[in-house]
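This briefing looks at how the chain shown below is held together and what its surface presents. Please keep the sequence and the model at hand while reading.

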Amino acid sequence: MAEVYELQEVEVWDGNMAASHAMRQAQIDVVSAYPITPSTPIVQNYATFLSNGYIDGEFVMVESEHAAMSGCVGAAAAGGRVATATSSQGFALMVEVLYQASGMRLPIVLNVVNRALASPLNVNGDHSDMYLGRDAGWINLCTYNPQEAYDFNLMAFRIAEDYDVRLPVMVHQDGFICSHTAQSVRPLKDAEAYKFIGDYKPKNAMLDFERPATYGAQTEEDWHFEHKAQLHNAIMNSMGVIERTFKEFEKLTGRKYNIVEKYDMEDAEVAIVALGTTVESARIAAKEARKNGIKAGVVSIRSLRPFPYLAFCESLSKVKAVAFLDRSLPAGAMGMLYNEGVAALYHGTNKPVVSNYIYGLGGRDLTQSNLQEILKELQANAKAGKLTHPTQQFIGLRGPKLGFN
């Protein structure tokens with residue numbers, strides 16, 4: 001029996017510590033992990049909890065991130081509650097096994113502390129790894145601060161393990177800006193948190209010898225398409241479970257989350273769409289812009305996969321101009337968030353002027369001055385009814401301006 005960890009009503013945690021405590025409270029059977037900046041403290045903290053008697057499960061130290069996810073797949077297939085954490089190059093090394101986890105419908109929880117991908121090598125945050133894994137068959141949830149890193153980890157276990165879902169879930173937080181920045185966090189007591197998540201109920205466990213199950217089968221053209229279609233169907237239909245989990249978490253904690261978060265959008269004429277810690281910065285900028293006569297708002301999403309097309313389209317149904325902020329190098333295309341957002345807007349009646357801003361690569365700061373310039377350009381687009389600048393621009397880049405139509 002694990003020791004009870006005495007928590008204060010308000011703890012001062014960074015995003016990594018918040019995720020670690022949520023994992024501890026979930027009473028995970030197996031954490032298989034390999035360290036990498038900036039996610040290392042999540043599994044390091046977890047190992048400390050284990051060594052101090054606060055955890056009953058197993059912590060498996062492996063030789064690489066590929067092996068870490070392989071260990072998670074094996075433990076989950078055997079019938080255990082499983083989780084781990086990674087970032088950047090480690091996440092990239094995991095990618096092969098991410099597809100195994102989703103294809104086998106294993107409810108693993110993966111904390112991704114978002115960081116730039118090499119080359120050149122960079123340990124700071126951007127969304128390169130988040131975007132890399134978006135099509136790996138995992139549910140992807142987005143957080144903006146340490147409190148949410150804690151909350152969404154608790155909800156991730158419940159969502160992943162729901163029998164109507166049975167899918168792996170990633171919980172994203174920005175490297176360093178969230179992962180290493182301490183803020184006030186209001187945790188649940190251990191018993192409350194575990195009751196919310198619930199006891200783990202294995203399904204098709206390999207160690208259930210009364211009901212044999214096959215994992216890792218080869219299908220080729222006969223059944224591969226059908227398996228992938230079922231996976232896609234499960235992801236698309238998981239939205240109802242995600243929304244229900246959000247509502248039940250609100251009843252327990254009073255903290256309300258929406259699939260699509262809207263800030264000052266009731267009368268907004270221009271809007272910024274962003275992810276991660278940038279959302280809170282954009283809200284500050286929008287509030288300041290309103291003092292200068294710009295009716296600005298901010299839209300963000302909690303679920304990158306499944307993408308909330310209809311709700312997202314509705315959130316921008318009245319605006320005249322929209323800026324999609326992508327914190328990842330698109331390498332020959334418009335940004336991913338831009339492309340997803342425009343696809344959603346295509347099916348609505350409102351057709352705002354849309355633009356794409358690439359920012360913050362490798363940890364480059366996005367300042368309030370940058371955001372005010374973006375909002376001024378949006379205002380000009382709204383008044384002109386068309387773009388007054390290139391469709392895609394790089395913000396905060398040294399040297400000549402970079403933009404593409």
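In which sense do strand β10 and strand β11 pair, and over how many bridges? Strand β10 (residues 270–273) and strand β11 (residues 296–301) pair in the parallel sense, over 4 bridges. This is a predicted model, in which local features need pLDDT of at least 70 and side-chain atom pairs count only at pLDDT 80 or more, while totals for chains, interfaces and linings use all residues. Residues are numbered from 1 along each chain as its sequence is written, and side-chain values use heavy atoms, with hydrogens and water left out.

**The sheet**

- An open sheet of 7 strands runs in the order β9-β11-β10-β13-β14-β15-β16, with mixed pairing; strands are DSSP runs of E with at least two residues, helices are runs of H or I with at least four, and both are numbered from the N terminus.
- At the edges stand β9 (260–263) and β16 (403–404), each with a single partner strand, so one side of each is left without a neighbour in the sheet.
- Two strands count as paired if DSSP finds at least two bridges between them, and alanine 271 has glycine 297, in β11, as its bridge partner.

**Salt bridges**

- The structure holds 17 salt bridges, each defined as a side-chain nitrogen of Lys or Arg within 4 Å of a carboxyl oxygen of Asp or Glu.
- One of them joins the side chains of glutamate 9 and arginine 186 (3.3 Å, N to O); glutamate 9 lies in the segment before β1 (11–13) and arginine 186 in the loop between β8 (183–185) and α7 (190–197), so the pair ties together parts that are 177 residues apart in sequence.
- Glutamate 9 is exposed, with a relative accessible area of 62%, whereas arginine 186 is partly exposed at 43%; buried means under 20% relative accessible area, exposed over 50%, and partly exposed in between (1.4 Å probe, protein chains only).
- Glutamate 161 and arginine 81 meet through their side chains in a salt bridge (2.7 Å, N to O); because glutamate 161 lies in helix α6 (residues 146–161) and arginine 81 in the loop between α3 (65–78) and β4 (82–86), the pair ties together parts that are 80 residues apart in sequence.
- Both glutamate 161 and arginine 81 are buried.

- Helix α12 (residues 336–345) has 7 of its 10 residues buried, so it is largely enclosed by the rest of the structure; among the buried residues are Met336, Tyr338, Glu340 and Leu345.
- The side chains of glutamate 340 and arginine 305 meet in a salt bridge (2.8 Å, N to O), which links arginine 305 in strand β12 (residues 303–305) with glutamate 340 in helix α12, 35 residues apart.
- Arginine 305 and glutamate 340 are both buried, and together with Asp135 they are linked in a network of salt bridges.

**Surface patches**

- Glu220, Glu221, Asp222 and Glu226 gather in a surface patch of negative charge; patches are made of residues with over 30% relative accessible area and no salt bridge, like charges being joined within 9 Å and nonpolar side chains (Val, Leu, Ile, Met, Phe, Trp, Tyr) within 5 Å.
- Glutamate 221 has its place in helix α8 (residues 220–237), and at 66% relative accessibility it counts as exposed.
- Leu397, Leu402 and Phe404 make a nonpolar surface patch of about 240 Å²; leucine 402 is found in the loop between β15 (392–394) and β16 and is partly exposed, with a relative accessible area of 34%.

Notes: Accessible areas come from the Shrake-Rupley method with a 1.4 Å probe; for residues, only the protein chains shown count as cover. Lys and Arg count as positive and Asp and Glu as negative; His and the chain ends are not counted. The place of a charge is taken as NZ of Lys, CZ of Arg, CG of Asp or CD of Glu.
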